[in-house]
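Please read the following report alongside the sequence and the structure.

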Number of protein chains: 8
Amino acid sequence: MDRARLEELLNSVKSGSVTPEEAADGLIKSSTPGYEDIGFAKVDHHRSARQGFCEVIYCPGKPVVQIAAIAKKLLTTSDSLLATRGDKKIFTALKKVSSKAVFHKASGAITIEKKKKTRKGNLLVVTAGTTDIPVAEEAAVTADIMGTGVKTIYDVGVAGIHRLFDQRDHLLNADCIIVAAGMDGALASVVGGMVSVPVVAVPTSVGYGASFGGIAALLSMLNSCATGIAVTNIDNGFGAGSIAHRIVSQKYKTD
Amino acid sequence: MDRARLEELLNSVKSGSVTPEEAADGLIKSSTPGYEDIGFAKVDHHRSARQGFCEVIYCPGKPVVQIAAIAKKLLTTSDSLLATRGDKKIFTALKKVSSKAVFHKASGAITIEKKKKTRKGNLLVVTAGTTDIPVAEEAAVTADIMGTGVKTIYDVGVAGIHRLFDQRDHLLNADCIIVAAGMDGALASVVGGMVSVPVVAVPTSVGYGASFGGIAALLSMLNSCATGIAVTNIDNGFGAGSIAHRIVSQKYKTD
Amino acid sequence: MDRARLEELLNSVKSGSVTPEEAADGLIKSSTPGYEDIGFAKVDHHRSARQGFCEVIYCPGKPVVQIAAIAKKLLTTSDSLLATRGDKKIFTALKKVSSKAVFHKASGAITIEKKKKTRKGNLLVVTAGTTDIPVAEEAAVTADIMGTGVKTIYDVGVAGIHRLFDQRDHLLNADCIIVAAGMDGALASVVGGMVSVPVVAVPTSVGYGASFGGIAALLSMLNSCATGIAVTNIDNGFGAGSIAHRIVSQKYKTD
Amino acid sequence: MDRARLEELLNSVKSGSVTPEEAADGLIKSSTPGYEDIGFAKVDHHRSARQGFCEVIYCPGKPVVQIAAIAKKLLTTSDSLLATRGDKKIFTALKKVSSKAVFHKASGAITIEKKKKTRKGNLLVVTAGTTDIPVAEEAAVTADIMGTGVKTIYDVGVAGIHRLFDQRDHLLNADCIIVAAGMDGALASVVGGMVSVPVVAVPTSVGYGASFGGIAALLSMLNSCATGIAVTNIDNGFGAGSIAHRIVSQKYKTD
Amino acid sequence: MDRARLEELLNSVKSGSVTPEEAADGLIKSSTPGYEDIGFAKVDHHRSARQGFCEVIYCPGKPVVQIAAIAKKLLTTSDSLLATRGDKKIFTALKKVSSKAVFHKASGAITIEKKKKTRKGNLLVVTAGTTDIPVAEEAAVTADIMGTGVKTIYDVGVAGIHRLFDQRDHLLNADCIIVAAGMDGALASVVGGMVSVPVVAVPTSVGYGASFGGIAALLSMLNSCATGIAVTNIDNGFGAGSIAHRIVSQKYKTD
Amino acid sequence: MDRARLEELLNSVKSGSVTPEEAADGLIKSSTPGYEDIGFAKVDHHRSARQGFCEVIYCPGKPVVQIAAIAKKLLTTSDSLLATRGDKKIFTALKKVSSKAVFHKASGAITIEKKKKTRKGNLLVVTAGTTDIPVAEEAAVTADIMGTGVKTIYDVGVAGIHRLFDQRDHLLNADCIIVAAGMDGALASVVGGMVSVPVVAVPTSVGYGASFGGIAALLSMLNSCATGIAVTNIDNGFGAGSIAHRIVSQKYKTD
Amino acid sequence: MDRARLEELLNSVKSGSVTPEEAADGLIKSSTPGYEDIGFAKVDHHRSARQGFCEVIYCPGKPVVQIAAIAKKLLTTSDSLLATRGDKKIFTALKKVSSKAVFHKASGAITIEKKKKTRKGNLLVVTAGTTDIPVAEEAAVTADIMGTGVKTIYDVGVAGIHRLFDQRDHLLNADCIIVAAGMDGALASVVGGMVSVPVVAVPTSVGYGASFGGIAALLSMLNSCATGIAVTNIDNGFGAGSIAHRIVSQKYKTD
Amino acid sequence: MDRARLEELLNSVKSGSVTPEEAADGLIKSSTPGYEDIGFAKVDHHRSARQGFCEVIYCPGKPVVQIAAIAKKLLTTSDSLLATRGDKKIFTALKKVSSKAVFHKASGAITIEKKKKTRKGNLLVVTAGTTDIPVAEEAAVTADIMGTGVKTIYDVGVAGIHRLFDQRDHLLNADCIIVAAGMDGALASVVGGMVSVPVVAVPTSVGYGASFGGIAALLSMLNSCATGIAVTNIDNGFGAGSIAHRIVSQKYKTD
């Protein structure tokens, strides 16, 4: 509450049009939580206003009934919903919460979109190999449900770099590019050197031996010799998708 | 060279207005390197066209004469120049290359801007402590010389979180936020949870003991519980500044 | 046995009121083990006197019959008992040892309290997310069975920091606060900066990718920019609960 | 400001004894920053009220003039001051800020206490070896300046465990014990098993080879087989001292 | 397309024997992808020409139907095929693609060789123990299907070094030697010191405790005190086999 | 073959009592392998002569039939046999090889002793907790089958250090002590400081969180502040038992 | 000594043309060390015969006089000599040993070639950046002095990948390629995917932050998605050069 | 004090031949510290009785005056003294404490032996290279001053394994062998496989790149495929020497 609105309220108190009790209520409420306490969780209703998309449900480790309960609460104030790393059982439960629930098999993401929003912008998601696809799809589903237009190109790793160069037009037309790669993570650097838009690199745990569950790709990406690259956690397609959405939506904002 | 331009050239060959030799020259040249080989380095003149800013000189480990030589070459095709992690000696040498050279003491960055460009957008750079300032300033100088408007707010770490909340307006008005923090890197998560714009987190090597030269902050940032955050390498202010510039400039592009 | 008591005994020997054999018995006993050797284990009966609570049974890797045998022995000299990381099968066995056995499902802890002690003090246990609850409950059950009053607040992580600030009163009224958090572990620093009581931070293995089973949170907490924080092992709710109990019980000691 | 005080203020507005402007001033001020922005830093004046001791100056990486400036600002609202990891040069500068400045050579800590406070409680600081002394003294100086009574016992490591057992009385009489140890860090576990008060373990970087700058001791302490131990960062005597002060002062609080 | 062939084409355009459209087609085609997009993958038909062997299928994480589909595509342009880390189910599927499919049980490799090529050269594959055999056989099968003659000697680790010295003749006659060893990886250094041919060391994940899944052997091999050794990833028999094939085939090339 | 025996042989050649062919046979044989090649393995018959005990079979990863085949071969030249990390199935197979096979359940070790040897010396094996017992028993079984007298004391960790001190007599009477401990590994240092005989420390993977599968204990033991301690690999009871046997048997050698 | 030569000798003994003493001398000598003991070192004269090049002197940590002494000894049996990681002072000392000594400034290598050998083959050494040059030159000097023809191409990293593609002819004509790269090490994968000859990747410690002194590049190279790559130790130009020499010389051997 | 001696004393009290005060003195003294508190250190006079050699002074981090003071105290109850990692300045100070002080330049060890003891047994110390000599000499000096006979053989690493085999007689005659090796640490395994006596392996920090200051050698040695090997900390020659002394002296004890 800024000073102008505050003085206005206090003048109403002075004039008697607002009682001190009402004013106290208002002042206290203006800093209310904006979340709902449902016992095992505090559902954050403000997040949508604050960040442009409601709280996202990370499924692993949560009982199915809790997931369904949180989803139900969130849908009272939000038109869309994203649950990541789900499975068939969770999907069945969410299908009961909303018939619009969709299961994205490769990534395990579940989305609910009560009313289809327009997608804006061109986010490109590329992978080095075919086994990076689940992570890439988590990123794609995330950005899509948040309202960004997404295109995917898979299996263009640097071992056969001509496959990548054939996609040059798509690379140059994107507003932002997500690169999902495991093993040496080298694709991020090569893409980073070819374009002028922001590149979000997401290392995947694909590989064996000294790939150490994605550390090799993570370090490679953090040390990219190309500029304009930032990195998310290993296998964190959701993280990559959400920052990419933030990036792309900046461009299409109509302040 | 696209098909249209190619057929046009070939028709000129057919018609005789262009000789086969001339056409061969043209076709070969259309894939020329776009860089200049100066012995110890291959100066990349195409980078500006390809990525919006010319090659940046990373000073450590390069002899001063080589740095000056590369700078001179780059300035033949570029109006601005950035050299990172420089020192007084390198600055003196670059001052001779161009009287417009400026030394940014906190970060060691050296910039040359032959003709002042307009800055666009609002990039906010915040730090947790005062010892994170050198990294933050490298980021700020980088984004600035690339053409982005930058504001900095220092020393708003979570140990006294009211200092951060006082800056809420600045946080909410930014197009993109860079968070530079060492130790626990917690500031990135707190900021990430407050805003809806992209957050670029740059861990700093500030700290001791088990901070392991910035690894603690790096891991903390990669694992942020807030969304919309991507991370650059430890102390890599340049990397943070350049992706932030790419992000902000997307919004102000006039295609 | 201090010098005064020693000379007193020796004077009794001299005077004949105590035989040398009896005195020898007494001197040897005063340094007796205070534990019982039951073959596969040496049950520590002195621990209660020495440390305020009897030996705690860490269940993993121990056969159920051994756990039951140790429990039976401990209950001969102690009124309360704690077994951590148990399961239904172990609970059934301990239920036979004492009908007062209680199974704490979220954490797997099993407690037996033959005669309900009064709880003293205000220990607050907070978690960043809902998946940190098992660790938090192990801490809460531990401190409770040891005699400390415990309150829990879950799901107040920094991604929606207003949820935490709403709990400010509880934070400021506590004698000690345990913060259980995975991922970036940032909640510990934020809480640490808000209060003046000791904060015990327990990193959880919640997270994925480069959280490395809790290392990210561990390092973040060890490097907290706030003061007044000490850390226990990853997922070690028991450790956090027992030091918190020691801290709180200091205040309510009546020397 | 709680509801009672808020309604009181609003009633004063209604009655006219307070103007709306004055009330607005009061309401805004009640949430004022409580810190002073001196350009390169935001000096936190509220910390003392919030946490019982003013902001502590960590010297490394800060120019001497900045340290002196921060110290001067802090002393306007605080009677005591602590600067850690200082040196002779910084001491000379602070001596000019206050003639009461004291330099603690072993740890590099500098304290200023304008008016000597009473020390309360019994904090015991023990070390395994003589090379752990600097860290131990940082802890001792920290707790002392914050108002806790401190006793130190050095060089009682487990390689000659009889030296430790001779100190049993001191161990049993303490309100809290800090154990500073490098190498194997084993002293923390042995002490933890002997007492019933909280033990704060601070690993030191003393050792060589596979001690990895204190990681061996850190891991050993985090994995202590004894209970009632929490750990601070490697060489972080300040951190150990400040949580120990929080622990001890709990006991002597007179609510 | 080199200048000579280019001018020839352009002269044909000039002379009219080739139309500009045909020439444009040719010029565009000369840079065609050389891969086939089958939706989930981009099958690289050029790899054989470029690197002497077609794309190899790494089975883990790929659905059986995809593996079979890729295999079928590859066999349209290649006479041989290698799939690594397969199993009985994948073998059954590939057996349907080609009756020539062979399953190599120890390593899980599956090979198809439509027309038996001559093997050239002498590659020797040695192991330290019997549990290193699966990795060694992956290397042997890889080099064999690529066209290199392979001999294997197993269980000659340095704990009984006379077993190795008995094989001196085989060691001295080889064109290249692959050493597969886990645990201390010491065999690589000993072999490296005995011969003058290139040694390819492949660490295996054999071992326990602080072998860390092959890291001990990997580091040992990277730090070999003998010269002439290069290393592949942990358990990467395929990688070792393919570079060894490249090495040996160099010698038998008839330019 | 030393010079004396060599000249003797050559003189026999000169005198004609040995033909050159026979002498050549002898000379070649005197450097024969001393192992038997059974296809998948090279069974080392010389090891017993060279090292005092025949090759030991490490079971994991080896097919049961191979284990049985190796055992059969070894028993042709050795009276005792040790197979480590076995199970019931392997035991059944070895029981068929020799009815004297014994299965040691805690450690999974299987021993065969065709003719009972005398045990010599006093090796003491102590553990910190009850979950360290499997590793301790592997050590005990190993040293025992090799011919050393072994005594075990379990559950004397430093959390209740009086339990250890009660065993002082056993500690002081031993020829060598093996300490098996997980978690903080502190027992090794305490024991090392109490005795003058060699201490072999074997870290166990017992613990959780930041014990990292035994690394905490391993580092603690490597950095022991007590002298006279050497360390074997994590959980490597066999390694500890075999070096302890070598140590003890030195004392009882009758050269 | 093979059987034929052995029987011949023994027949001479029988016939009396060789005395048993002489034969014993010969038999013993045939297994003589082939090295010279100069107190602090055992100079290996056999290495040249065994491995094609004499022992190489690694300078760091060796006193200059020892280096000169070893060099002098080696030159009595070898025409060429290589000392790595030397400096001006060592060069001056070796210049006195042989006037043919040459100092290679970028890498610190010192070579002596008493009689210029012909170089055979085409080894190509490429670097990603200019700061990788010292490592690359160590590799180049090593292979050159061993007798391999070397060409170098510097500064063709993937951030401006057109610079690499311009070198395609050189890449395709090489017998073996060494790739020296720090940071993300991505160049190795891209080169590996373009050629059919063996690629030796040498990670350099160039980079900062999470490059961890070359670990990022090392892991990236070990996990290369391209085949035909093997890796040497970080900054180990000598190792890369020597295996590359072994590879190339295989091709030019005339058995 | 055992029961027999205790009852005897108490009977003397009863009979009056010993007063209670005298008896109390005796009983208290029988558990006296056996160390001397000199302010900054607690000098352990009992250690010699308890462990066969007095406390050893580890010099780094200790002021010279403290070292001299400790040395003086130790020499009041011990005939020999060892200070490790010293330098010329410390030597000069100790020379004043005793004219018998000897400085061992390679390792920095300083020994004082007031009266020359006989050396017993055959300890062999071998190194892989010449740069491992300082660590080896620390081990040799340590064992020697403690009373063990020592022989050293340097520079017999596995890159030229014939140099090692020439020393077979020395290896087979030793009572115990210390192997000091950096880089791949492979020498430990090879030696371990050749002998039947205990092998103490000490990894050295010799090497570069991924040797990580000795970790590669440490891991290699911990994972040795040969038996009978135990390991000390990196560069810990003192630790290796002291356990080797304990091992060898066992054999020559005359109980």
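## Charges over rings

In this predicted model, B:Arg168 sits over the face of B:Phe165 at 5.5 Å from the ring centre, where a charge counts as over a ring if NZ of Lys or CZ of Arg is within 6 Å of the ring centre and within 35 degrees of the ring normal. In chain H, H:Arg168 is likewise placed over the face of H:Phe165, at 5.5 Å from the ring centre.

## Conventions

Residues are numbered from 1 along each chain as its sequence is written, while chains are lettered from A and ligands numbered from 1 in the order in which they are written. Because the model is predicted, local features need pLDDT of at least 70 and side-chain atom pairs count only at pLDDT 80 or more, whereas totals for chains, interfaces and linings use all residues; side-chain values use heavy atoms, with hydrogens and water left out.

## Aromatic pairs

Over all chains, a search of the whole structure finds twelve aromatic pairs (rings of Phe, Tyr and Trp, the last by its six-membered ring, with centres within 6.5 Å; planes under 30 degrees apart count as stacked, over 60 as edge-to-face and the rest as tilted). One of them joins A:Phe91 and A:Phe103, whose ring centres are 5.5 Å apart and whose planes meet at 25°, so the pair is stacked. This pair links distant parts of the chain, with A:Phe91 in helix H5 (residues 88-97) of chain A and A:Phe103 in strand E5 (residues 102-104) of chain A, twelve residues apart; helices (H or I, at least four residues) and strands (E, at least two) are DSSP runs, numbered from the N terminus. A:Phe91 is buried at a relative accessible area of 18% (buried means under 20%, exposed over 50%, partly exposed in between, with a 1.4 Å probe and protein chains only).

In chain D, D:Phe91 and D:Phe103 form a stacked aromatic pair, with 5.5 Å from centre to centre and 25° between the planes. D:Phe91 is buried, with a relative accessible area of 18%, whereas D:Phe103 counts as partly exposed at 21% relative accessibility.

## Chain A as a whole

Chain A contains eleven helices and eleven strands, and buried residues make up 64% of its 255 residues. Its accessible surface comes to about 9,100 Å², of which carbon and sulfur atoms hold 52%; such areas come from the Shrake-Rupley method with a 1.4 Å probe, and for residues only the protein chains shown count as cover.

## The interface of chains B and D

In chain B, 18 residues are in contact with 22 residues of chain D, contact meaning heavy atoms within 4.5 Å. The area buried between the two chains is about 1,500 Å², with 52% given by carbon and sulfur atoms (buried area is the accessible area, with a 1.4 Å probe, that two parts lose on being put together, summed over both). B:His162, B:Arg163 and B:Tyr208 supply 39% of the area that chain B buries against chain D, more than any other three residues.

## Chain F and its copy

Chain F is superposed on chain H by a rotation of 180° with 0.1 Å of shift along its axis, at an RMSD of 0.2 Å. The two copies are thus related as by a two-fold rotation axis, the superposition being by least squares on the C-alpha atoms of residues with pLDDT of at least 70 in both. Among the residues of chain F, F:Lys251 comes closest to the rotation axis, at 1.9 Å (C-alpha).

Within chain F, F:Ile153 belongs to strand E8 (residues 148-153) and is buried, with a relative accessible area of 5%.
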